[in-house]
Amino acid sequence: EFLRLLNASIIYKFYFCTMSENTNEPTPLTDLGEFGLIERLTKNIELKNATSKLGVGDDAALIKNEKAMTVVSTDMLVEGVHFDLLYVPLKHLGYKAVVVNLSDIYSMNAVPTQITVSIAVSNRMSVEALEDIYEGIGLACELYGVDLIGGDTTSSLSGTIISITAIGQVDEDKVVTRSGAKETDLICVSGDLGAAFAGLQILEREKAVYKDNASIQPDLSGKDYILERQLKPEARKDLVEYFAKEGIVPTAMIDISDGLSSELIHLAKSSNVGVQIYENKIPLDAQTINTCEELNLNPVMAALNGGEDYELLFTVPIEHFEKIKREPLLTIIGHVTDKGSGNNMVANGTESLIELKAQGWQH
């Protein structure tokens, strides 16, 4: 009884003393958004260890070793926020959970080496279902050459949660962050953009049809590419290998998880520069264009604001123009400007500038 009263007293003092220190109205999370929230929660954190070279604020953290840098990144996928088990196969979920973390490692120009996996599941998840998730995780590890070295499992009262930490290595002189872009640098992207968003719209459309009439079979014909980009994306391991082969070290780089516009703004802010891209240079796949037109969507807006493409956005000195231009999987979409010029896109067939805004995915 004494311990019960003591605990109650401690909780009472902690709660009400804390509340009395803050008489302002609580701030809704939506007022800040994901990145504003991260900045607010971590603004007073200082790195105290000499080996901690880069903390919160980039795609991954950097830890100094004797001969190289260790790169660490963590991402969490939450059911109902990041995925819907009504149309996401469990093997694909496991595979994608790994890939989205490896993408952060590659965006630092590093090579991933290990991952840990923590997963929380409800009692509606069977052992066989968990095995499917881990089969997808294992396939990603095999294809990307990384080792699964640990993690944790626990129960969840609100659905499935997967948290993966990826670890990689990079030579100190090859590290690429978001903060190194310089004026006149070329702005480049890998692959094509907007496909994952288009795939998601098709899945959501068929989900709505299914809810209305479960006897109707989903119509996914001719959508293989965009569905794969949404359900089973790939990280750009080949781009890091290309940089090493060509002797290129980008001045800044970030992976495109929240939409091209949002990532350009992050890169510009971190590098204290402006950016100018051209609408007609944004790479779009024909299936993405056709699907967006079918759904009365603007494919350029899908590329700018859709997210989940996991392509790499990077800047390089203009001296690499010929090398980049010769590579079919890379596209030069603009150039870096001075900070005062802002972040803009030149509209098709005009000289008018459209200000870029971060309108992509808000977790």
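Predicted model: local features only at pLDDT ≥ 70, side-chain atom pairs only at ≥ 80, totals over all residues.
The protein chain contains 11 helices and 13 strands. Of its 363 residues, 45% are buried. Among contacts in the protein chain with a separation of 6 or more, 82% involve residues 24 or more positions apart.

Two packed helices are described by the angle between their axes and the distance between the axes. Helix H5, which spans residues 195-212, packs against helix H6, residues 224-231, with the axes 7 Å apart and at an angle of about 100°. Because angles of 65 to 115 degrees count as roughly perpendicular, H5 and H6 are assigned to that class. On the H5 side, this contact is formed by Ala-195, Ala-196, Ala-198, Gly-199, Leu-200, Ile-202 and Leu-203, while H6 contributes Tyr-225, Ile-226, Leu-227, Arg-229, Gln-230 and Leu-231. By class, the residues joining H5 and H6 comprise 10 nonpolar, two polar and one charged.

H5 also packs against helix H9, residues 286-294; here the axes come within 9 Å and cross at roughly 45°. The arrangement of H5 relative to H9 is therefore oblique. The crossing of H5 past H9 is left-handed. Ala-195, Ala-198, Ile-202 and Arg-205 of H5 meet Thr-288, Thr-291, Cys-292 and Glu-294 of H9 in this contact. Four nonpolar, two polar and two charged residues make up the contact of H5 with H9.

The remaining pairing, between H6 and H9, has axes 8 Å apart and an angle of about 95°. H6 and H9 are therefore roughly perpendicular to each other. Asp-224, Tyr-225 and Ile-226 represent H6 in this contact, and Gln-287, Thr-288 and Thr-291 represent H9. The contact of H6 with H9 consists of two nonpolar residues, three polar residues and one charged residue.

Aromatic pairs were examined next. A pair of aromatic rings is described by the distance of the centres and the angle of the planes. Three aromatic pairs are found in a search of the whole structure. In one of them, the ring centres of Tyr-106 and Tyr-144 lie 6.3 Å apart and the planes stand at 45°, so the pair is classed as tilted. Tyr-106 belongs to helix H3 (residues 90-106) and Tyr-144 to helix H4 (residues 127-144), so this pair ties together parts 38 residues apart in sequence. Tyr-106 and Tyr-144 are both buried.

A further pair is formed by Phe-243 and Phe-314, with ring centres 5.1 Å apart and planes at 80°, so the geometry is edge-to-face. Since Phe-243 lies in helix H7 (residues 237-246) and Phe-314 in strand E10 (residues 312-316), the pair ties together parts that are 71 residues apart in sequence. Both of these residues, Phe-243 and Phe-314, are buried. Phe-243 and Phe-314 are also joined with Tyr-242 in a cluster linked by ring pairs.

Thr-116 and Leu-148 are 32 residues apart along the chain, and their C-alpha atoms are separated by 5.7 Å. When neighbours within four places in sequence are left aside, the contacts of Thr-116 are with Leu-148, Ile-149, Gly-150, Gly-151, Ser-163, Ile-164 and Thr-165.

Most residues other than glycine have a negative phi. Asn-109, although not a glycine, has a positive phi of about 65°. This residue, Asn-109, is placed in the loop between H3 and E4. With a relative accessible area of 9%, Asn-109 is buried. Asn-272 is likewise not a glycine and has a positive phi of about 60°. Asn-272 occupies the loop between helix H8 (260-271) and strand E9 (274-278). The relative accessible area of Asn-272 is 48%, and the residue is therefore partly exposed.

Methods
Residues numbered from 1 in each chain as written. Heavy atoms only, no water. Axes fitted to C-alpha atoms, helices over the stretch in contact; angles between N-to-C directions. Helix = DSSP H or I, 4+ residues; strand = E, 2+ residues; numbered from the N terminus. Parallel < 35°, antiparallel > 145°, perpendicular 65-115°, else oblique. Contact = heavy atoms within 4.5 Å. Nonpolar A, V, L, I, M, F, W, Y, C, P; charged D, E, K, R; others polar. Left-handed = near helix turned anticlockwise from the far one by under 90°. Phe/Tyr/Trp six-rings, centres within 6.5 Å; stacked < 30°, edge-to-face > 60°. Buried < 20%, exposed > 50% of the residue type's maximum accessible area, 1.4 Å probe, protein only.
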